[in-house]
Amino acid sequence: MLDDRIQRSQISEDDWCLGVPQASVTILEYGDFECPYCAAARPILEGLVEEEPDTIRLVYRHFPIATTHPHAPLAAEAAEAAGAQGRFWDMHDTLFTHQRALEYEDLRAYAAMIGLDVARFDREIMAHLYLPEVKADFRRGITDGVNGTPTLFINGHRYDGPRERTAILAAVSEVTAGRG
Amino acid sequence: MASRPQPDTPAIDFALPDGEATPVKLSDYHGKNVVLAFYPADWSPVCTNELSLIQETLDEIHRHDAEVLGVSVDGHWSHRAWARQQHIRFPLLSDFWPHGEVARRYGVFRDQDGTSERALFFIDKSGTLRDLWVAEDPDIAPGLNLIFDTLERIAPAAPEEAHHA
């Protein structure tokens with residue numbers, strides 16, 4: 001039986017990355033924009049990158065659970081559309097901090113708020129231009145061993161502990177010391 | 001430690017009520033692959049719990065000609081209400097009375113708290129148990145890769161149907 005805690009996909013240049021590419025620690029997160037646990041983890045994870053900018057980087061991939069969170073898939077597409085205009089992380093943060101308002105009108109308002117070309121945003125969302133990206137992330141999540149949202153991998157090992165700064169830092173230390 | 005069924009033995013048949021109190025037998029699924037998913041309890045506070053992840057990927061599971069049966073010691077009324085809340089459309093079976101009897105037979109009953117372990121049993125179309133997984137920590141859900149890797153091994157997926165405009 002396979003060890004389900006080992007990330008099997010590679011991080012690539014196409015991934016959304018917060019922090020420096022040469023960071024020795026990569027935290028890969030599979031998230032759902034309508035999931036409150038992901039919203040709660042956001043400041044913690046971003047805080048870790050801010051605290052250890054030379055060591056830790058955060059990579060975000062989409063894993064919307066539409067069954068539970070019907071707005072999540074389109075929100076993911078909105079983040080990709082923002083990313084195509086160079087503003088992924090701004091949209092990511094806006095979506096998580098406005099999690100209760102994820103109707104299309106809201107997504108459009110956020111696009112305007114963060115300074116996107118809204119007409120282009122509209123066209124691309126209507127055409128579901130970025131749906132393949134979201135689906136590709138979802139498939140990679142299945143292969144990597146997503147077991148809920150957020151699912152976190154620290155240098156390729158799934159982290160199932162508390163979504164708290166101290167606990168995650170301890171796990172980061174273990175992984176970098178080769179004990180993970 | 002309760003003994004567990006071993007792979008390549010006939011899966012133990014059982015009859016348990018579903019959320020509508022309709023008896024469901026494992027042998028009803030002869031001819032289909034079955035993922036038998038034991039879990040400790042309904043009403044997990046986590047919104048994206050194991051069963052909602054399974055529900056989200058159910059179409060993909062069906063491509064392996066497989067069905068999922070969830071089993072916990074909760075009563076059938078609990079299953080009915082929780083399945084509705086979570087939009088779970090595969091059967092949730094009630095191992096309530098005799099308490100945890102099916103979990104016991106599968107070697108996954110927890111004497112310490114009267115629930116079942118979080119476990120997956122993979123049963124093929126002939127009713128043979130082909131593989132199993134039991135969580136080291138019942139609070140940690142299995143990665144979806146466990147389910148799909150195992151199904152790919154025992155029941156490779158049919159190619160996706162072409163979609164016509």
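Predicted model: local features only at pLDDT ≥ 70, side-chain atom pairs only at ≥ 80, totals over all residues.

Visitor: Okay, how many residues of chain B are in contact with chain A?

Guide: On the chain B side there are 26 residues, and they are in contact with 25 residues of chain A.

Visitor: And how much area do chain B and chain A bury between them?

Guide: About 2000 Å², with 61% of it on carbon and sulfur atoms. In chain B, the residues that lose the most area to chain A are Thr48(B), Glu56(B) and Asn145(B), which together make up 29% of what that side buries.

Visitor: What about salt bridges, how many are there between chain B and chain A?

Guide: The count is 1 salt bridge. Its partners are Arg8(A) and Asp149(B), and their closest N and O atoms are 3.0 Å apart.

Visitor: And how many residue pairs are in polar contact there?

Guide: Between chain B and chain A, 11 residue pairs are in polar contact, counting pairs with both residues at pLDDT 80 or more.

Visitor: Which element of chain B gives the most to the side that touches chain A?

Guide: That is α5(B), with 7 residues. The side of chain B that touches chain A divides into 13 nonpolar, 9 polar and 4 charged residues.

Visitor: New topic: helix α2 of chain A. What span should it have, going by its residues?

Guide: Helix α2 of chain A covers residues 72-84, so its 13 residues at 1.5 Å a residue should span 18 Å. The C-alpha atoms at its ends are 19 Å apart, which agrees.

Visitor: Is α2(A) largely enclosed or open, and why?

Guide: It is largely enclosed by the rest of the structure, because 10 of the 13 residues of α2(A) are buried. Among them are Ala72(A), Glu77(A), Glu80(A) and Gly83(A).

Visitor: What covers those buried residues of α2(A)?

Guide: The cover includes β1 (16-18), β3 (56-62), α3 (88-97), α4 (104-113), α5 (118-126) and α6 (131-144) of chain A.

Visitor: And what follows α2(A)?

Guide: Gly86(A) follows α2(A), and its phi is positive, near 80 degrees.

Visitor: You mentioned α3(A). How many of its residues are buried?

Guide: In α3(A), 7 of its 10 residues are buried, so to speak mostly covered. They are Phe88(A), Trp89(A), Met91(A), His92(A), Thr94(A), Leu95(A) and Phe96(A). What covers the buried residues of α3(A) includes α2 of chain A, along with β1, α1 (36-51), β3, α4 and α5.

Notes. Residues numbered from 1 in each chain as written. Chains lettered and ligands numbered in written order. Heavy atoms only, no water. Contact = heavy atoms within 4.5 Å. Buried area = accessible area lost by both parts, 1.4 Å probe. Salt bridge = Lys/Arg side-chain N within 4 Å of Asp/Glu carboxyl O. Polar contact = N/O pair within 3.5 Å; in protein donor to acceptor, adjacent residues only side chain to side chain. Helix = DSSP H or I, 4+ residues; strand = E, 2+ residues; numbered from the N terminus. Nonpolar A, V, L, I, M, F, W, Y, C, P; charged D, E, K, R; others polar. Expected span 1.5 Å × (residues − 1). Buried < 20%, exposed > 50% of the residue type's maximum accessible area, 1.4 Å probe, protein only.
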